[in-house]
Amino acid sequence: MNRAVFLDRDGTIIEEKDYLSDPATVVIFPGTPEALERLQSAGFRLFILTNQSGIGRGYYAEADMHRVHARLLEELGRHGVRIEKIYFAPEAPEQPGRGRKPSPQFLFDARDEFGIDLSQSYLIGDKLIDLECGWNAGLKKSILVRTGYGAKQEPAAYKLMRAAVVDDLSAAAEWILTDG
């Protein structure tokens, strides 16, 4: 079985921007490509899980999101980083959907499609719903980064007791490589 790191997109890998739809405004956090490359070199397969409610709300088209993803993958690829798959939930929060976080469905999909051992895998995100997604799937650990919304989410410490809390994706990678 394969180990994986599941990553939230906005606020974790790239700067949080309300309803990001323009690839030209994608800003990857410093140190992120190097951190992902270290995880990949250690044998972790990398996946992105992202709620994209701007599509369901009519703020931008799915094609816009795919252009943002193409830009992100291109930038990460310059550093040798390979994202296995990007799972996205286009629904608005009030719309029914199968994979919108905190649902663990996309983690189960990755398990089935790529042979991922969820009990030896991690999730990194900047919101409680990201952490809950990992907990709901039985991952080894969910990690909150203080980037994006993470610093604001951290005071909800009673729920975070099951999570590691670190400053950014580089620190999360170091935590995983020390733990895993």
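Modeller: Let us begin with burial: a residue is buried under 20% relative accessible area, exposed over 50% and partly exposed in between, with a 1.4 Å probe and protein chains only. The model is a predicted one, in which local features need pLDDT of at least 70 and side-chain atom pairs count only at pLDDT 80 or more, while totals for chains, interfaces and linings use all residues. Residues are numbered from 1 along each chain as its sequence is written, and side-chain values use heavy atoms, with hydrogens and water left out.

Colleague: Which residues of helix α4 are buried, and what puts them on the same side of α4?

Modeller: In α4, which spans residues 105-114, the buried ones are F106, L107, D109, A110 and F114. They cover an arc of only 155° around the axis (taken from the directions from the helix axis to the C-beta atoms), and therefore they lie on the same side of α4. Helices (H or I, at least four residues) and strands (E, at least two) are DSSP runs, numbered from the N terminus. The buried residues of α4 pack, with contact meaning heavy atoms within 4.5 Å, against β1, β2, β3, β4 and α5 (128-137). Just after α4 comes G115, with a positive phi of about 65°.

Colleague: Which residues of α1 are buried, and why are they said to line one face of the helix?

Modeller: T32, P33, A35, L36 and L39 are buried in α1. Seen down the axis of α1, these buried residues fall within an arc of 160°, so they line one face of the helix. Their packing partners are β1, β2, α3 (62-77) and α8 (169-179). After α1 comes G43, whose phi is positive, near 100°.

Colleague: What makes β3 and β6 the edge strands of the sheet?

Modeller: The open sheet has six strands in the order β3-β2-β1-β4-β5-β6, with parallel pairing. β3 (83-89) and β6 (163-166) each pair on one side only, and that is what makes them the edges. From one strand to the next, the twist averages 20°, as an angle between N-to-C directions of axes fitted to C-alpha atoms, on a scale from 0 to 180 degrees.

Colleague: Why are β1 and β3 described as largely enclosed?

Modeller: Five of the six residues of β1 (residues 3-8) are buried, so β1 is largely enclosed by the rest of the structure. For β3, five of the seven residues are buried, and the conclusion is therefore that β3 too is largely enclosed by the rest of the structure.

Colleague: Is D8 buried or exposed, and which side chain joins D8 in a polar contact?

Modeller: D8, in strand β1, has a relative accessible area of 7% and is therefore buried. The side chains of D8 and K101 are joined by a polar contact of 2.7 Å; such a contact is a pair of N or O atoms within 3.5 Å, where within protein one must be able to donate a hydrogen and the other to accept it, and residues adjacent in sequence count only if both atoms are side-chain atoms.

Colleague: Is Q52 buried or exposed, and which residues is Q52 in contact with?

Modeller: Q52, placed in the loop between β2 and α2 (53-56), has a relative accessible area of 2% and is therefore buried. Leaving aside neighbours within four places in sequence, Q52 is in contact with R9, D10, Y60, M65, A89 and P90. Polar contacts join the side chain of Q52 to that of D10 at 3.3 Å and to that of Y60 at 2.5 Å.

Note on methods
Pairing = 2+ DSSP bridges.
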